[in-house]
Amino acid sequence: MKLCIDKIIKGFQLICFIFMLASSNIVFGQSKRSSAESESPWKGVWKSVSYGADLEFKDVVFVSPDVGWVAGAAGTLLKTTDGGDTWTAQLGGDPESKEKPIERLFFVDETHGWAEVDGGKLLRTTDGETWEEYGRIGEEYGMFYDFLFTSEQVGVQIVKEGDYIARTQDGGRSWQRVTQGCQAKVEQDGLVANLGCRLKSLFFINPEVGYAAGATYTVGMGGGGAIAIVLKTTDGGETWEQTSTIPNLHGDEGYFNQHIFFIDENTGFLVLTRSDKLMLTTDGGQTWRGLVGPVKEKVRFADPQVGWSFDDYYGTLAYTVDGGKRWTSRQVKFPAEPKAFSFPRRDRAYVVGKHGMIFRYRVVEKSYTSSKRLIAAPLMPPFEIPVEDEVESLEKEVSRLSESLSGKTPAGGGAVSPGAKRLESLPEGGSYVDACCKEEVEKIEANLISLATEVPEMLTRYRNLNLVMLGLKLITEGPARIQTLQSALSGLRGAKDAQSALSSLTELTSALGDFKATMRQFSLSQPGEN
């Protein structure tokens, strides 16, 4: 009897030890993150910015932290320009309407977007405000799986039960088939077969390089089963080739979804929803390996480091802050199931669902409260942006230079502001601006040298993956703006008289305005909430 009791006690102690160990692992696994959150003056919150009507929202797209659209039942399409504080119905908005729901949205920038109406009707806007019926998506009552655009004119779609890929070059007005059915070459147990397949998901990392994911079946090959397949294009979707297969899926995997997403030309993720598998490639889709993580649905990255995935059934948010190497999760108790989400920036996101539900994620001060409903959320890492300080300093020095130039003229060269020092002479071959304002010019030059290093690094580190094509544009446009500033400064330093100097200063000021406008498109700033 005593022996039996001892065994029970020891067994209970073992169970307690295992439980404590498991608990410790959970704590240790999140300790660094939890500690960072507890020490930070910021916190993550979900705030209700819901629409006051009983509508089921199907999709949401934000092209910047504040400008976005929500689509759903009764032909409804809403727009906000203030982060969801107010919504304007561009289409529909009446829950009693019998219009078909708008199911999906896609935008390439703030003005060019597309909306797919249940049944395949395609709507398009070229100003972000007005919409027109513009072609169709899919065949046979809108049967398709995915679509996207890489520019204002070029787009691709997976059509008719995932059988083939079609492409448009006129903004969606007409589509041409570019693959003749879906065929996958499969090797298993020493056998080779060309099998029909079904595609489900599309993603382009730039206008030329894109991927499609799907599945096929190996019936009669080693007992049968499902195999995921990945296709790749390097010519903007005109031709496609199979890059890889992933075996050992559930037998009915092909009837479920495969979501694909890339953060650069080599690194990508494939979610196999039926198998609850998250796969990673680091060689452009040629090989894949499994990752440990709670990701079960579509993955989206705001930038190359911070990515999210929502499990709408359980209301679970899975997220990574290190480019997908490690994932963790947190359950979020929204009042309705999240049907879609948009992730325009690492510190801003939106989730939509039934009954007009729209929630906005923000990073706010820990003391922040609101009369509207708030839900606690994980804190995403902050931006490290030395560029902001450099731009502020550059503006101040340009302003000082402008004041100096307006108050100093060469001898006999016109009116001088009261108290201004007159330039008695200009050295042979010298610079008028250097002679009058050398200190300001040298500081401007130092700012530009710093920006020339910092801007490309920042644009690469925080590249916009919410709007991939815009992110790529800014990576080239940012450094180009710096070069324009440097050219304007060079012209200023070469000025020989007041008139030339003031003219060059106007060019420098204009170039600075263009640079700031480009940085605003990048939408990086420190967190805060109104």
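Predicted model: local features only at pLDDT ≥ 70, side-chain atom pairs only at ≥ 80, totals over all residues.
## Where helices H3 and H4 meet

A pair of packed helices is described by the distance between the axes and the angle between them. Here, H3 covers residues 432–461 and H4 covers residues 468–493. Their axes come within 10 Å and cross at roughly 170 degrees. Angles over 145 degrees count as roughly antiparallel, so that is how H3 runs relative to H4.

Let's turn to a strand. How many of the residues of strand E24 are buried? The count is 5 of the 5, across residues 307–311, so E24 is largely enclosed by the rest of the structure.

In a regular strand, side chains alternate between the two faces of the sheet. For E24, Gly-307, Ser-309 and Asp-311 point one way, while Trp-308 and Phe-310 point the other way. Both sets are buried.

## The partners of E24

Which strands pair with E24? One is strand E23, residues 299–301, which is joined to E24 by 3 bridges and runs antiparallel to it. Within this pairing, Arg-300 has Trp-308 of E24 as its bridge partner. The two strands form a hairpin, with 5 residues between them.

Strand E25, residues 316–320, is another partner, and 5 bridges join it to E24, again in an antiparallel arrangement. Here Phe-310 stands opposite Leu-317 of E25. E24 and E25 also form a hairpin, this one with 4 residues between the strands. Gly-315 takes a positive phi in this hairpin, near 65 degrees.

## The chain as a whole

Stepping back, the chain's secondary structure comes to 5 helices and 30 strands. Of the 530 residues in the chain, 50% are buried. The accessible surface comes to about 25,000 Å², and carbon and sulfur atoms account for 50% of that area.

Notes
Residues numbered from 1 in each chain as written. Heavy atoms only, no water. Buried < 20%, exposed > 50% of the residue type's maximum accessible area, 1.4 Å probe, protein only. Areas by Shrake-Rupley, 256 points an atom, 1.4 Å probe, with all protein chains shown as cover. Pairing = 2+ DSSP bridges. Axes fitted to C-alpha atoms, helices over the stretch in contact; angles between N-to-C directions. Parallel < 35°, antiparallel > 145°, perpendicular 65-115°, else oblique.
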